[in-house]
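The sequence and the structure come first.

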Amino acid sequence: MIAKLYSDYVKSDSRSFESDKQFITAPIYYVNGSPHLGHLYTSVAVDILHRFALLFGESFFSIGTDEHGQKVEQSAQRNKCETQDYVDSMYIEFYKLMNAANIKYDAFVRTSSKKHKDNVLNFWDKLCKKGDVYEGAYSGWYSTRDEQFYSEDEVSDGANGKIAKISNSPVEWLEEKCMFFKLSKYQNILLDYYKKNKDIIKPSSRYNETIGMLEAGIPDLAVTRSRFSWGVSCGEGQVIYVWVDALSNYITAMENNVDYWINDMIHIIGKDILKFHAIYWPALLLSADYALPKRIYAHGWWTVNKEKMSKSLGNVIDPFEILNKYGIDQLRYCIMKEMSFGQDGDFDHERIKNRINTELANVIGNLTQRILSFVWKEYEETLEINSIDENDYELLKCWDECLENSYSAMKEQQIHVYLEEVRKAAAKTNQYVDGAAPWKCDDANKRRILSVGIECIKRMALILSPVMPEMSKKILNILGCEINIDSWFKSINYRKLDKPSPLFSRIIG
Ligand code: MSP
């Protein structure tokens with residue numbers, strides 16, 4: 001065994017990560033129904049990407065509620081409420097979900113707020129001044145559920161009338177006088193732009209889908225409605241189309257710092273709202289003279305028993321219930337690990353339980369508990385890491401690789417790849433402890449092995465802090481470390497450890 005000094009290893013291996021900045025957005029949620037697993041998933045994904053970026057640099061995270069439009073107005077009527085009272089009460093449910101899931105946003109935009117409505121009018125004014133808005137009349141198939149028009153070939157006959165092929169939502173024939181946005185003017189500009197910048201829309205299947213839509217041609221967009229009034233009025237009995245209203249929430253969120261954040265915009269969305277973010281929004285941004293998003297990442301959909309979640313099937317997963325049942329950190333980890341970010345996945349309670357028991361309780365929890373309680377029981381101070389041998393060195397290098405690989409994966413929003421990197425490094429550390437068997441060693445070797453173990457646990461807690469913030473805080477508090485990437489190579493402040501308590505309980509039954 002070749003002995004090395006830990007301080008030499010740190011000197012030769014510490015690396016610097018570019019300090020970046022990002023403005024990352026979650027979609028704003030319709031308030032016509034209670035939050036479900038899909039809303040939880042998008043929010044947690046963005047929260048993780050945001051907290052991860054904060055370890056290295058600056059990040060600003062916006063989220064909110066989409067409170068206008070006919071769909072919301074109709075829900076309020078069904079509930080026999082004033083629309084504003086209805087949206088106020090539904091907003092609370094989403095607000096509560098953010099707290100329940102430990103979502104650390106910087107801005108929460110409600111589209112019925114005065115601040116947002118003023119912003120929409122300001123944005124609208126820019127489109128009009130550009131000469132991109134004109135008066136016309138529209139006739140076509142409209143789906144209130146999807147809040148969009150469909151063309152003749154996008155609808156088919158359903159059991160109770162026409163439906164949109166893509167969503168199975170009922171559609172009705174609608175004719176109205178309205179204002180149009182010159183969307184078609186931006187078709188070739190966007191097509192050129194995306195062909196030159198192939199990595200803006202991800203994953204690549206969504207990029208291809210966008211190119212396909214642009215190549216098929218995009219007609220001008222009806223951007224006002226007169227059949228209802230719940231929205232931002234732009235005069236003459238017209239309200240601004242709910243998607244123009246909703247998309248501009250991203251500008252509202254930036255408040256007075258638009259210039260600072262606009263070049264670093266990353267939108268995380270579900271695949272169903274790709275067209276709005278990859279075509280409508282960039283065209284609107286170009287018209288209003290703003291920069292285009294740096295990244296639009298569309299994730300997949302959760303199904304339950306391979307079926308779409310829906311109220312009528314009674315298979316909607318209540319996010320509060322599962323957070324309560326499995327624990328906040330545990331569920332955040334599991335839903336992100338369950339499916340590759342970008343693909344669809346099926347929600348299954350057995351698989352969640354299994355993952356908690358095997359990956360969290362058996363690997364991460366067990367490793368932490370055995371090292372920390374060993375040190376706590378046997379030593380009056382934590383153990384200073386000093387000379388290390390070849391195996392120790394390799395293990396520490398494996399964590400450095402884990403950091404590098406996680407960093408690259410997260411630059412590409414590959415959350416599941418990053419989580420697997422960490423799981424692998426944790427499993428290796430568990431094997432190392434089993435192999436080194438500190439309980440059988442003399443004091444000098446015991447101190448060396450445990451000090452390396454503590455160093456690995458610190459790193460594991462740091463790198464998992466975006467996903468499991470409470471668990472990480474618990475470990476890092478015991479070790480007296482701050483949650484930022486400098487702590488990775490910084491020695492721990494040595495003192496007697498606080499008594500550790502188990503991180504995760506196994507789920508039985
Ligand atoms: N209000 C619009 C977004 C406006 S953004 C300017 C909207 N709202 S939504 O409440 O219907 O959906 C919000 C997000 O939840 C979307 O990204 C959507 O893809 C996501 N999900 C809704 N159901 C989902 C699943 N079953 N699975 C995963 N995510 C899904 O669209």
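## Sheet

Strand β9 (residues 172-181) and β11 run antiparallel and are joined by 2 bridges. Across this pair, phenylalanine 180 stands opposite alanine 222 in β11. Helices (H or I, at least four residues) and strands (E, at least two) are DSSP runs, numbered from the N terminus, and two strands pair if DSSP finds at least two bridges between them.

The two strands belong to an open sheet of 4 strands with antiparallel pairing, in the order β6-β5-β9-β11. Helix α11 (residues 274-287) lies across β6, β9 and β11 and runs at about 30° to β9. That angle is taken between N-to-C directions on a scale from 0 to 180 degrees, with axes as lines fitted to C-alpha atoms, for helices over the stretch in contact; contact means heavy atoms within 4.5 Å.

## Basis of the model

The model is predicted: local features need pLDDT of at least 70 and side-chain atom pairs count only at pLDDT 80 or more, while totals for chains, interfaces and linings use all residues. Residues are numbered from 1 along each chain as its sequence is written, and side-chain values use heavy atoms, with hydrogens and water left out.

## Ligand surroundings

The ligand is surrounded by 24 residues, the closest being Ile28, Asp66, Gly270, Asp272 and Trp302; a residue counts as near if one of its heavy atoms lies within 4 Å. The shell divides into 13 nonpolar, 9 polar and 2 charged residues. Here Ala, Val, Leu, Ile, Met, Phe, Trp, Tyr, Cys and Pro count as nonpolar, Asp, Glu, Lys and Arg as charged, and the others, Gly among them, as polar.

Oxygen atoms of the ligand are found 3.2 Å from a polar backbone atom of tyrosine 30 and 3.0 Å from a polar side-chain atom of histidine 39. A ligand nitrogen atom is 2.9 Å from a polar backbone atom of tryptophan 302. Taken alone, the ligand exposes 660 Å², of which the protein buries 94% (Shrake-Rupley method, 1.4 Å probe). Two or more shell residues come from each of β2 (21-30), α2 (37-56), α8 (242-247), α9 (249-254) and β14 (265-270); β2 gives the most, with 4 residues.

## Backbone details

The peptide bond from lysine 202 to proline 203 is cis, with omega near -10°. Proline 203 sits in the loop between β10 (201-202) and α7 (204-216).

Glutamate 255, although not a glycine, has a positive phi of about 50°. Its place is the loop between α9 and α10 (258-261).

Technical notes. A polar contact is a pair of N or O atoms within 3.5 Å; within protein, one must be able to donate a hydrogen and the other to accept it, and residues adjacent in sequence count only if both atoms are side-chain atoms.
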